[in-house]
Amino acid sequence: MFFAYMEEYVVYILASSKTEKLYKGHTSNLIERFKSHNALSEKGWTIRYRPWRVVFVRFFKTKKEAMCFEKYLKTGVGREWIAKNVHSE
């Protein structure tokens with residue numbers, strides 16, 4: 001039997017449980033990346049606002065597509081889209 005391995009990329013938004021902060025990123029392994037944001041990392045921006053919860057995910061077939069969407073979310077228009085479409089409470 002032949003199984004094709006298909007790698008998917010995920011754009012995600014995390015919400016801080018302590019503050020109103022949102023974090024946008026992309027990865028090919030959401031579970032490990034989430035663990036990293038919440039427990040494994042010892043330095044970086046996200047450790048100050050732990051714990052995080054996932055409030056949005058969107059899957060992409062290519063890394064390029066995921067990176068473009070993440071970049072869009074970090075623009076003024078993207079932040080407006082998040083405010084209208086993502087509920088972080």
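In the predicted model, Pro51 is found in the loop that lies between helix 1, residues 30-40, and strand 3, residues 52-60. The peptide bond that leads from Arg50 into Pro51 is cis, and its omega angle is near -5°. Arg50 itself is among the residues in contact with His37 once the neighbours within four places in sequence are left aside, and His37 has its place in helix 1.

The C-alpha atoms of the protein chain fill a box of roughly 50 × 30 × 20 Å when the box is taken along the principal axes. The protein chain has 89 residues, of which 31% count as buried, and its accessible surface comes to about 6400 Å², with 56% of that area belonging to carbon and sulfur atoms. Among the contacts between residues at least 6 apart in sequence, 55% join residues that are at least 24 apart. With regard to charge, the protein chain carries 17 positive and 9 negative side chains, and the centres of these two sets lie 5 Å apart.

The three strands form an open sheet in the order 2-1-3, and the pairing in this sheet is antiparallel. Strand 2, residues 22-27, and strand 3 stand at the edges with a single partner strand each, and therefore one side of each is left without a neighbour in the sheet. Neighbouring strands of the sheet are turned against each other by 20° on average, direction ignored. In general, the strands of a sheet pair through backbone hydrogen bonds, and the pairing may be either parallel or antiparallel.

Strand 1, residues 9-16, pairs with strand 3 in the antiparallel sense over eight bridges. Within this pairing, the bridge partner of Ile13 in strand 3 is Phe56, while Ala15 stands opposite Arg53 of strand 3. Strand 1 is also joined to strand 2, by six bridges, and these two strands run antiparallel. Here Ala15 stands opposite Leu22 of strand 2. Strand 1 and strand 2 together form a hairpin, with five residues between them.

How many of the eight residues of strand 1 are buried? Eight of the eight are buried, so strand 1 is largely enclosed by the rest of the structure. In a regular strand the side chains alternate between the two faces of the sheet. In strand 1 both faces are covered, with Tyr9, Val11, Ile13 and Ala15 buried on one side and Val10, Tyr12, Leu14 and Ser16 buried on the other. Two of these residues, Tyr12 and Leu14, are in contact with His37.

His37 has a relative accessibility of 2%, and because buried means under 20%, His37 counts as buried. Leaving aside the neighbours of His37 within four places in sequence, its contacts are Tyr12, Leu14, Tyr23, Thr46, Arg50 and Trp52.

Ser28 has its place in the loop between strand 2 and helix 1, and at 41% relative accessibility Ser28 counts as partly exposed. Although Ser28 and Glu8 are 20 residues apart in sequence, their C-alpha atoms are 5.9 Å apart in space. With neighbours within four places in sequence left aside, Ser28 is in contact with Glu7, Glu8 and Tyr9.

Lys61 lies in the loop between strand 3 and helix 2, residues 63-73, and its relative accessible area is 63%, so Lys61 is exposed, since exposed means over 50%. Lys61 and Glu7 are 54 residues apart in sequence, whereas the distance between them in space is 7.2 Å from C-alpha to C-alpha. When residues up to four places away in sequence are not counted, Lys61 touches Glu7 and Tyr9. Glu7 and Tyr9 are also among the contacts of Ser28.

Definitions and conventions: Residues numbered from 1 in each chain as written. Predicted model: local features only at pLDDT ≥ 70, side-chain atom pairs only at ≥ 80, totals over all residues. Heavy atoms only, no water. Helix = DSSP H or I, 4+ residues; strand = E, 2+ residues; numbered from the N terminus. Buried < 20%, exposed > 50% of the residue type's maximum accessible area, 1.4 Å probe, protein only. Contact = heavy atoms within 4.5 Å. Areas by Shrake-Rupley, 256 points an atom, 1.4 Å probe, with all protein chains shown as cover. Lys, Arg positive; Asp, Glu negative; His and termini not counted. Charge placed at Lys NZ, Arg CZ, Asp CG, Glu CD. Pairing = 2+ DSSP bridges. Axes fitted to C-alpha atoms, helices over the stretch in contact; angles between N-to-C directions.
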